[in-house]
Amino acid sequence: MTEYAVIINDLKYCYRGEKEFALDGISLKIPYGEFLVIMGASEAGKSTLSACINGLIPHYMKGKYKGEVIVLGQNIQETNVPAMAENVGIVFQDFEAQLFSTNVELEVAFGPENFAISREEIKKRIDENLEYVGLESFCNRSPFTLSGGQKQKLAIASVLAMCPKILVMDEPTTDLDPISKKGIFDITNKLRLRDDITLIVVEHETEEVLNADRIALIKDGKIFKIGPVRDIFQEVEMLEDLGVMPLGIPKFFKKIDPKPPFPLTIEEGIEKFKNLNLYVSETKYQDMLEQEEASNHAFDTPIIQCENLEYTYPNGVKALKGINLKINQGEMVAIIGQNASGKTTLAKHFNGLLEPTGGNVLVDNKSTKEQGIFKLGQKVGYVFQNPDHQIFSELVYDEVAFGLKLRGIPKEQIDERVSEALVAVGLSGFEKEDPFSLTKSGRQRVAVASILAIQPDVLILDEPTTGLDYQEQRSMMDMVKRLNEAGGTIIFITHHMWVVTEYAKKVFVLKDGQLLLQGNTRDVFSQEKTLEESFLRPPHFVQFSNCLGKTFLSPDEMILCLENGSKS
Amino acid sequence: MTELYLDYNTIMHRLDARTKILIFILNFIAMVLFDHPLYLLPIISLILLQAALAKVWVNIWRIRFLLTVLIITGIFMWNIFASGATHLFWIFDLESLLYSICRTMLIVFMIFSGVILISTTRNEELVLGMIQLGLPYRVGFTISTSLRLVPTIANSIYTVSQAQRSRGLDLESGSIIEKIKKYIPLLIPVFISTIRNTNVFGMALESKGFGAKKDRTFYLNSVMKKLDYFIIIFGVIFVAVSIFLDIQGYGIIPGLSKF
């Protein structure tokens, strides 16, 4: 055996039916015990690469395959996926689809069962691994009743129960709230310290992977750069170009002084800040707050109001427990909270998809119960989280025109509105394309356009940035911002805290069906302790500014308020 | 996400999966033998007793619409395939009506029986039970997996229909043809997301070593208890008596002719 757990030699792979190679000459050596993170833009080949390590490619997903992958001394092409399972565990992004047992214990037992491990040994492994991920008290629960974060922890435990030497995780935290994300990475950090396991993690979130050993940046199926984490994170611009979100702290310091090295963590940032002899000017900060106050006061016509809103699902689960809120015309607000805190349930009341079981929801000062979904759909558009839950047409044009046709709008007007909507989402000229052939972000845009075409006053977006890379997230939110500036009221639900701090003016924080916090974004994000109760954490940069006593939502904002020299 | 399995600890839940699968089969035999609804009453009262013991009324309530549709179409439809001497009105004869009631009861109470089985038996127990009764592991696993898919698909139908209703799709109004057309925007996304889900499911399955070895451990340990044997013996005697009565010519409807 060699000193490498994984050796990849000039690997090329092309999915069946595709023209372009998803992997185009990857060579990589991963030593035993390393924690390697794979990053890159959407469709760069990250997931494809991770599927090559346990043999899903080429055995499960057939296609053109060249080069070789040697895992623990064995050529992947000469074995098969089930046989590799004892050595290579894999955790997928979709935590719903990868769990199939009816209770937590049996989920963990499934892997070892397949390898004919004795019952006593399986019992031991269940106990050990559930404790390892912190689910020991959930032994007899059904996996479906767990929260997203717990499901993903269970998926990890069920893979660890096979005692793999390599653990591959393909975007394990994409759908999770910030603290659940942290929970998953706390587990990877524990695993990192063990030298009997090699970790390979595909991830978008940079803040969480600071503890990794190396980062491999993938671009167009090739390794663009590979190196120690600290070196890679210095290169703010390169990361942005690759569609990877740079860390907030180095990004900020690069703007003040473009000479590396930049601090990476919050602590390093504070130290450097003091060393640079910088401070925040009190007068400039107050000016900024006053300006903000004034612009927020411009919105005072309520469009959506909830009065003591309660909602109980038919199965008896009480999802909303007395919500009072007001959203004004022209505002851009975010609804945040941990998985299953009631965000989506709340938003579905705004367009009449759900009717309150207690209290009242008013849109335009009229109860949603009186208006009905068909009429409300005209005023309040709702873009669902997963575009694949609504796209069904063969042409982008038909998809976008669907809502208009249902409303009996004349043909010429439909043409006009469809092209307007496509311009707004940056897809003009795509009318004759097949929506299914577009990327996730493209399909997301088609879904937004299909709602925009109806020309609603209010646009609700449920997790518009989930599953997109950093550049796609930015351009999606920039587009939403333009819609807001054109007068639309925007309500979005998200787990991405930086999206909230940089784009939302007002924030509602939900916890267990109740409003934990509400107010303008700055005030909400200054209360780190309370946010943590709802499994939320501000981005590094905001935490950094909070540590310095002021809350800044973006580096640019802070730079405007900085002064050099001593305070006296 | 809603599951059909009800996590209670009733006497029915505690029975061995083998016993419950056998009860299910015996229920079917006891009902299919007779044409006359009167002869179904003993077995139906036993099925109702099982349902009461297992506390599965929640799940029965969930499928109330399906049951209503089945009862209405059943009582109507079987008349087309049978006729008798005593004409009542339209397609209905006294004999064919009795026969329709009997067949409809068969279908409805087999569904009851199935709901009892699924609501009281974990998927894994069901697989184990089927294997202990002699089915190959892959077959047992396939059956239980398709059962697992039902709530997943129901869930995605719910989400997709909400998404399309938000865009103005009105599923309630229109003629039958129009209504069927309206389901296209629902079916395609449901179909696609189900394929995606099963694809991930398949990958997860293989990645956990499904079928890696010829032998496999079952973590669940299932033991037949006295009560299991008692119930199976009772069931077998009950069905034997039913078969005896059937051979003796009981349970037919005089004057009924089936097509």
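A residue is called buried here if 20 or more other C-beta atoms lie within 10 Å of its own, with C-beta atoms placed from the backbone. The model shown is predicted.

**View 1. Strand β8 of chain A and its cover.** Strand β8 spans residues 198–202 of chain A and is mostly covered, five of its five residues being buried. The cover extends to both faces of β8(A). On one side the buried residues are T198(A), I200(A) and V202(A), and on the other they are L199(A) and V201(A).

**View 2. Pairing of β8(A) with strand β3 of chain A.** Strand β3 of chain A (residues 35–40) runs parallel to β8(A), and four bridges join the two. V37(A) is placed opposite V201(A) of β8(A). V201(A) is among the buried residues of View 1.

**View 3. Pairing of β8(A) with strand β7 of chain A, and the crossover.** Five bridges link β8(A) to strand β7 of chain A (residues 166–170), again in the parallel sense. L199(A) in β8(A) has L167(A) as its bridge partner. Between β7(A) and β8(A) the chain passes through helix α7 of chain A (residues 178–193), forming a right-handed β-α-β crossover.

**View 4. The two domains of chain B and their contact.** Domain 1 of chain B comprises 11–131 + 223–258, and domain 2 of chain B comprises 135–207. Their centres, taken over C-alpha atoms, are separated by 29 Å. In the contact, six residues of domain 1 of chain B meet eight residues of domain 2 of chain B. On the domain 1 side, helix α7 of chain B (residues 123–132) gives the most, with five residues. By class, this side of domain 1 of chain B has five nonpolar residues, one polar residue and no charged residues.

Conventions. Residues numbered from 1 in each chain as written. Chains lettered and ligands numbered in written order. Predicted model: local features only at pLDDT ≥ 70, side-chain atom pairs only at ≥ 80, totals over all residues. Buried ≥ 20, exposed ≤ 12 C-beta atoms within 10 Å, placed from the backbone. Pairing = 2+ DSSP bridges. Right-handed = clockwise from strand over helix to strand, strands pointing away. Domains from an automatic or database assignment. Contact = placed C-beta atoms within 7 Å. Nonpolar A, V, L, I, M, F, W, Y, C, P; charged D, E, K, R; others polar.
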